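The sequence and the structure are shown first, and the description follows.

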Amino acid sequence: MEICIVWSTEDVLETAKNMNVELTAEEADEVLITVEHNHDANYGISWDNIEWAVSDLVNSREGNKNGE
């Protein structure tokens, strides 16, 4: 037996929307990749992980605008 938990681009876009953040589909995919590479396998992936990655992307995006 196997089970599969799936997180989608739409999940990320909806989370970002709830955070008052606009993301493109490509940015949402980047968030999913970040979450996949940085999650703790002991705890899995949660909405908190998605929110953290969205915040991280926004901070990075804003840093790039400011020349950092």
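Helix 2 (residues 25–38) has 14 residues and reaches 20 Å from its first C-alpha to its last, close to the 20 Å expected at 1.5 Å a residue; the expected span is 1.5 Å times one less than the number of residues. Helices (H or I, at least four residues) and strands (E, at least two) are DSSP runs, numbered from the N terminus. The buried residues of helix 2 are Glu 27, Ala 28, Val 31, Leu 32 and Val 35. They lie on the same side of helix 2 because they cover an arc of only 150 degrees around the axis, the arc being that of the directions from the helix axis to the C-beta atoms. Here buried means under 20% relative accessible area, exposed over 50%, and partly exposed in between (1.4 Å probe, protein chains only). On the face of helix 2 turned away from its buried side are the exposed residues Glu 26, Glu 36 and His 37.

The model is predicted: local features need pLDDT of at least 70, side-chain atom pairs count only at pLDDT 80 or more, and totals for chains, interfaces and linings use all residues. Residues are numbered from 1 along each chain as its sequence is written, and side-chain values use heavy atoms, with hydrogens and water left out.

## The protein as a whole

The protein contains three helices and zero strands, and from the N terminus on its elements run α-α-α. Its C-alpha atoms fill a box of roughly 50 × 20 × 20 Å, taken along the principal axes. Of the 68 residues in the protein, 25% are buried. Among the contacts (heavy atoms within 4.5 Å) with a separation of 6 or more, 52% are between residues 24 or more positions apart. The protein exposes about 5,300 Å², and carbon and sulfur atoms supply 46% of it; accessible areas come from the Shrake-Rupley method with a 1.4 Å probe, and for residues only the protein chains shown count as cover.

In helix 1, the buried residues are Thr 9, Val 12, Thr 15 and Ala 16. They cover an arc of only 130 degrees around the axis, which puts them on the same side of helix 1. The face turned away from this buried side carries the exposed residues Glu 10, Lys 17 and Asn 18. Leaving aside neighbours within four places in sequence, Thr 9 is in contact with Ala 25, Ala 28, Asp 29 and Leu 32. Just after helix 1, Asn 20 takes a positive phi of about 60 degrees.

## A salt bridge

A search of the whole structure finds one salt bridge, defined as a side-chain nitrogen of Lys or Arg within 4 Å of a carboxyl oxygen of Asp or Glu. Arg 61 forms a salt bridge with Glu 27, and the closest N and O atoms are 3.0 Å apart. Arg 61 lies in helix 3 (residues 47–65) and Glu 27 in helix 2, so the pair ties together parts that are 34 residues apart in sequence.

## Accessibility of selected residues

| Residue | Relative accessible area | Class |
|---|---|---|
| Ile 3 | 69% | Ile 3 is exposed |
| Thr 9 | 18% | Thr 9 is buried |
| Glu 27 | 14% | Glu 27 is buried |
| Arg 61 | 26% | Arg 61 is partly exposed |

Ile 3 is found in the segment before helix 1 (9–18).
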